[in-house]
Amino acid sequence: SKAGVEQWRVETLDAVVDIDQAENGTIYIAGTSTGGGSWFAAYEASGTKIRHTILGGVVARLVRATEDGGCLLAAERADGIELLRFDASGSSLWDSRFEGEHPHTARDALVLDSTVAIIGAGEINKQELNWMLLVVDQRGDEVVRHAYGAEDAGVAIEASSSGHAVMLGTD
């Protein structure tokens, strides 16, 4: 609550990596399992579990609520990033994989009306990391993929009041 009083609790032996809340009150939590693989769960604002989904072969990095009450999960694979989009009922809308030198890891996401922007790092020549921006449309199709050449990684992305994306990273 706003006063800092605990309203409910979820206990797990797994590692929680991210949490976000949809406008309809649904709370999404993503994590990695101690035995390998990843998961994401959805809870009502009251704490009642709606669903828990196990994902094999990926490492969950972030979850973002979407305007329709669903969510976007960004996960890492051995060969790139996988984005999974679910509606409010938990049904899969799309699952897109992005392989190659860019992208390699997802650090933050900005969900807009019809696009999703992911910022992170892409591996170049298997040595150094470069800032990476990946933008996909509402179907999960790539719109923009760009590396910025810094020697570290993009860390955060937010929308400005004028509607532009503001990116933060390390160098």
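Accessible areas here come from the Shrake-Rupley method with a 1.4 Å probe. With that in place I looked up the total for this predicted model, and the accessible surface of the chain comes to about 9,100 Å², of which carbon and sulfur atoms hold 47%. I then checked burial and noted that 43% of the 171 residues count as buried.

Next I looked up the secondary structure, where I found 14 strands and 0 helices, so I have written the pattern along the sequence as β-β-β-β-β-β-β-β-β-β-β-β-β-β. For the contacts in the chain with a separation of 6 or more, I recorded that 32% are between residues 24 or more positions apart.

I searched the whole structure for aromatic pairs and got 1. The partners are Phe-40 and Phe-86, whose ring centres are 4.6 Å apart with 40° between the planes, and the pair is classed as tilted.

My last entry concerns Ile-157, which I located in strand 13 (residues 154-159). Ile-157 counts as buried because its relative accessibility is 0%, and the cut-off for buried is under 20%. Setting aside neighbours within four places in sequence, I listed the contacts of Ile-157 as Asp-108, Ala-109, Leu-110, Ala-117, Ile-119, Leu-133, Ala-165, Val-166 and Met-167. For Leu-110 I also looked up the spacing to Ile-157, which is 6.2 Å from C-alpha to C-alpha across a separation of 47 residues in sequence.

How values were computed. Residues are numbered from 1 along each chain as its sequence is written. This is a predicted model: local features need pLDDT of at least 70, side-chain atom pairs count only at pLDDT 80 or more; totals for chains, interfaces and linings use all residues. Side-chain values use heavy atoms; hydrogens and water are left out. Rings of Phe, Tyr and Trp (its six-membered ring) pair if their centres lie within 6.5 Å; planes under 30 degrees apart count as stacked, over 60 as edge-to-face and the rest as tilted. Helices (H or I, at least four residues) and strands (E, at least two) are DSSP runs, numbered from the N terminus. Buried means under 20% relative accessible area, exposed over 50%, partly exposed in between (1.4 Å probe, protein chains only). Contact means heavy atoms within 4.5 Å.
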